[in-house]
Amino acid sequence: MDDGYRNTNQVSDDYRYQDGNYDAPNDGYYRGGDEPAQEEDAQSDVTEGHDEDDEVYEGEYQGIPHPDDIKEKQKKRAPAMDDEYRDRADLMAERMEDEEQLAHQYENIIEECGHGRFQWTLFFVLGLALMADGVEVFVVGFVLPSAEKDMCLSSSNKGMLGLIVYLGMMVGAVLLGGLADKLGRKQCLIISLAINAAFAFLSSFVQGYGFFLFCRLISGLGIGGTLPIVFPYFSEFLSREKRGEHLSWLCMFWMIGGIYASAMAWSIIPHYGWGFSMGTKYHFHSWRVFVLVCALPCIASLVALKFMPESPRFLLEIGKHDEAWMILKQVHDTNMRAKGEPERVFTVSYIKTPKQVDEFIEIQSSTGTWYQRWLVRITTTLKQVWDNVLYCLTAQYRMNTLMLAVVWFTMALSYYGLIVWFPDMIRYFQDEAYESRVKIFDEEEVSHFTFNFTLENQIHRNGEYKNDKFIGMKFKEVRFEDSLFEDCYFEDVRSSETFFENCTIISTVFYNTDLYEHKFINCRLINTTFMMEKEGCHIDFEEDNDFLIYLVSFLGSLSVLPGNIISALLMDKIGRIKMIGGSMLISAVCCFFLFFGNSESAMIGWQCLFCGASIAAWNALDIITVELYPTDKRGTAFGILNGLCKFGAILGNSIFSSFVGITKVVPILLASSALVGGGLLALRLPETREQVLM
């Protein structure tokens with residue numbers, strides 16, 4: 001054991017922990033062990049002018065050490081030898097006792113530092129990171145209608161693109177949340193945001209589906225680490241009285257992220273001309289501009305985070321006392337200057353640090369090649385992360401972890417399933433209304449006519465078209481059934497959802513069109529020529545690009561504002577458990593009203609009500625997860641539970657979307673049952689509002 005740690009043990013003897021308070025020496029300086037007083041008869045005045053430091057004893061010149069030196073060295077070596085031969089369980093017990101003492105002392109220190117400018121600055125910096133997480137959830141859903149045509153995506157490809165982000169976030173939450181307990185909150189959050197920003201930026205430029213899918217996967221992996229880090233990071237700068245309220249206010253940034261993404265999609269994506277092309281192969285359309293703009297909150301948070309300090313609570317856990325003390329003094333001085341009290345002095349001179357147990361990470365750090373040293377460090381760190389994962393399932397935390405896992409999963413399954421189901425149902429109602437307005441033309445005969453305008457939402461049956469020209473026009477949702485085309489000419493024609501079924505096409509030329517072979521179903525093509533077919537997939541410039549879907553997402557995000565405000569004001573008054581249970585049960589009741597949602601407006605209204613009711617449960621879940629676990633396991637536990645949440649989101653998206661247009665009963669009953677079960681189980685969790693952070 002190094003000397004620095006032995007000094008820590010000596011210092012701790014001067015601090016007495018009594019009823020949550022610490023008594024320290026008034027001078028505030030480090031005090032080592034008292035030196036033994038020299039006996040008077042040990043002093044010699046035989047030699048005149050002889051200094052007592054120069055005094056020698058018989059045998060010194062023979063290389064025999066002085067007995068006092070031997071005793072002193074034995075005293076210094078004793079703690080290290082004791083630690084070496086003590087059982088690991090004893091060391092862990094001592095560390096847990098140290099952590100309990102530190103928890104109460106740290107609470108007193110944070111109260112002395114006050115709540116002011118420093119916390120509010122960190123609040124906005126971390127809020128931007130949380131906003132980036134909220135944006136990431138909506139990005140793919142907004143760009144899919146445009147990207148599917150730009151990249152010619154099939155239905156299965158669209159589904160994979162929608163789920164790949166959640167898969168990345170699930171892996172990122174577990175991995176980066178665990179690393180935050182070993183490498184530090186700030187460092188891992190910077191890594192998380194940097195990965196997300198880099199690959200989100202790259203994804204806006206790539207053209208191929210496979211590379212775009214990969215970029216969104218890694219981007220999701222990066223942003224997945226923000227949630228398990230942001231809440232522990234911010235909570236470790238908050239006192240017990242402020243923690244519930246201000247963590248709830250922080251949750252509002254996730255809502256702001258949804259509003260930002262909806263507003264940007266609404267204002268950017270419909271402007272298809274906001275881009276450029278390089279030849280016929282490279283296209284940078286407006287939806288790619290939207291992807292770039294959505295990376296801005298992440299980049300802003302990444303830059304601002306460079307000016308924020310590491311969590312002092314984390315530094316104390318790993319034995320870095322002086323760094324933690326300097327940061328706490330910075331917090332104190334920043335807040336006192338902002339309050340107009342710069343003369344206030346930070347009175348803390350020493351902070352308890354837990355006994356350090358894991359000290360094997362630097363083995364072989366000075367031997368072998370550089371990649372061997374890095375391999376040792378990486379494998380050691382990952383082993384420590386895995387040990388933390390297993391620790392969350394030990395007897396002390398097993399029941400809380402399992403109950404929280406069920407609550408997180410049921411909440412995610414119902415919430416993420418429904419927020420995908422709502423837009424799909426609205427789109428289904430739109431399609432039904434659109435189909436009800438279809439125009440049907442039977443047995444029409446058209447000859448020597450030029451079509452140069454758009455045909456939309458029409459069905460033509462048993463028609464005859466002879467010597468007609470279709471030039472510079474668009475077909476949108478048009479079907480020709482059992483019709484005859486003879487000596488016709490198609491040039492510069494674009495189409496969407498347009499098909500020819502059981503038609504006969506004779507001596508007809510198709511030049512520079514996107515009427516490909518698969519659009520002719522059971523047709524007879526006689527002496528027909530296809531020349532210069534359009535390449536790639538093309539978006540209709542006049543298409544509204546799912547305007548209503550942007551509006552629905554915007555309103556859904558905005559509707560959680562009242563729930564956020566209520567939860568922030570009541571979180572510390574009624575407690576976390578009642579907030580989770582009450583919110584989930586109210587949300588379950590809201591689900592039953594979806595049986596009466598038979599129109600677009602009704603579905604939008606019930607979506608807003610559901611989102612507003614459920615947000616309080618999300619906020620309380622974030623807070624209780626932070627408070628139930630100790631500092632050196634907090635990021636790991638949050639990462640595991642948040643990863644399970646993303647797994648629930650994947651299942652919810654897949655299950656709920658498969659019932660669109662088939663039945664409403666299964667999604668509504670599944671969501672309601674999950675919310676009721678999770679809400680009732682949440683009531684059995686321990687209340688943590690009066691608890692200090694361990």
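## How α5 meets α7

Start with a helix pair: on the α5 side, N157, M160, L161, I164, V165, L167, G168, M169, V171, G172, A173 and L176 make the contact, and on the α7 side they meet Y209, F212, L213, R216, L217, G220, L221, G222, I223 and G224. Sorted by class, the residues of this contact come out as 15 nonpolar, six polar and one charged. Keep in mind that this is a predicted model.

As for the geometry, two packed helices are described by the angle between their axes and the distance between the axes. Here the axes of α5 and α7, the latter covering residues 209-224, come within 6 Å and cross at roughly 30°. The crossing of α5 with α7 is right-handed.

## The whole chain

Stepping back, the protein has 694 residues, and buried ones make up 50% of them. Its secondary structure comes to 21 helices and 20 strands.

How much of the contact set joins residues at least 24 apart? Taking contacts between residues at least 6 apart in sequence, the share is 66%.

Which residues of α19 and α20 meet? From α19 they are W618, D622, T625 and V626, and from α20 they are R634, F638, L641 and C645. By class, that contact divides into five nonpolar, one polar and two charged residues.

## Aromatic pairs

Now for the rings. A search of the whole structure turns up 44 aromatic pairs. One of them is Y166 with Y416, an edge-to-face pair with 5.6 Å centre to centre and 75° between the planes. Y166 belongs to helix α5 (residues 155-183) and Y416 to helix α15 (residues 398-436), so the pair ties together parts that are 250 residues apart in sequence. Are these two tyrosines buried or exposed? Y166 has 5% relative accessibility, so it counts as buried. Y416 is also at 5% relative accessibility and counts as buried.

F451 and F470 make a stacked pair, with 4.6 Å centre to centre and 0° between the planes. This pair links distant parts of the chain: F451 sits in strand β7 (residues 450-451) and F470 in strand β10 (residues 469-471), 19 residues apart. With a relative accessibility of 9%, F451 counts as buried. F470 is buried as well, at a relative accessible area of 1%.

## A charge over a ring, and a buried serine

What sits over the ring of Y106? The charged end of R313 does, 5.6 Å from the ring centre.

S311 is placed in the loop between α11 (296-305) and α12 (312-317). Its relative accessible area is 0%, so S311 is buried. Setting aside neighbours within four places in sequence, S311 is in contact with R185, Y233, E236 and F237.

## F441 in strand β5

F441 is found in strand β5, which spans residues 439-442.

For F441 and Q458, which are 17 residues apart along the chain, the separation of the C-alpha atoms is 7.6 Å.

## Two loop residues with positive phi

D487 has a phi near 55°, a positive value in a residue other than glycine. Where is D487? Its place is in the loop between β12 (484-486) and β13 (489-491). D487 counts as partly exposed at 38% relative accessibility.

N502 is another residue other than glycine with a positive phi, near 55°. N502 lies in the loop between β15 (499-501) and β16 (504-506). At 39% relative accessibility, N502 counts as partly exposed.

Terms used: Residues numbered from 1 in each chain as written. Predicted model: local features only at pLDDT ≥ 70, side-chain atom pairs only at ≥ 80, totals over all residues. Heavy atoms only, no water. Phe/Tyr/Trp six-rings, centres within 6.5 Å; stacked < 30°, edge-to-face > 60°. Helix = DSSP H or I, 4+ residues; strand = E, 2+ residues; numbered from the N terminus. Buried < 20%, exposed > 50% of the residue type's maximum accessible area, 1.4 Å probe, protein only. Lys NZ or Arg CZ within 6 Å of the ring centre and 35° of its normal. Axes fitted to C-alpha atoms, helices over the stretch in contact; angles between N-to-C directions. Left-handed = near helix turned anticlockwise from the far one by under 90°. Contact = heavy atoms within 4.5 Å. Nonpolar A, V, L, I, M, F, W, Y, C, P; charged D, E, K, R; others polar.
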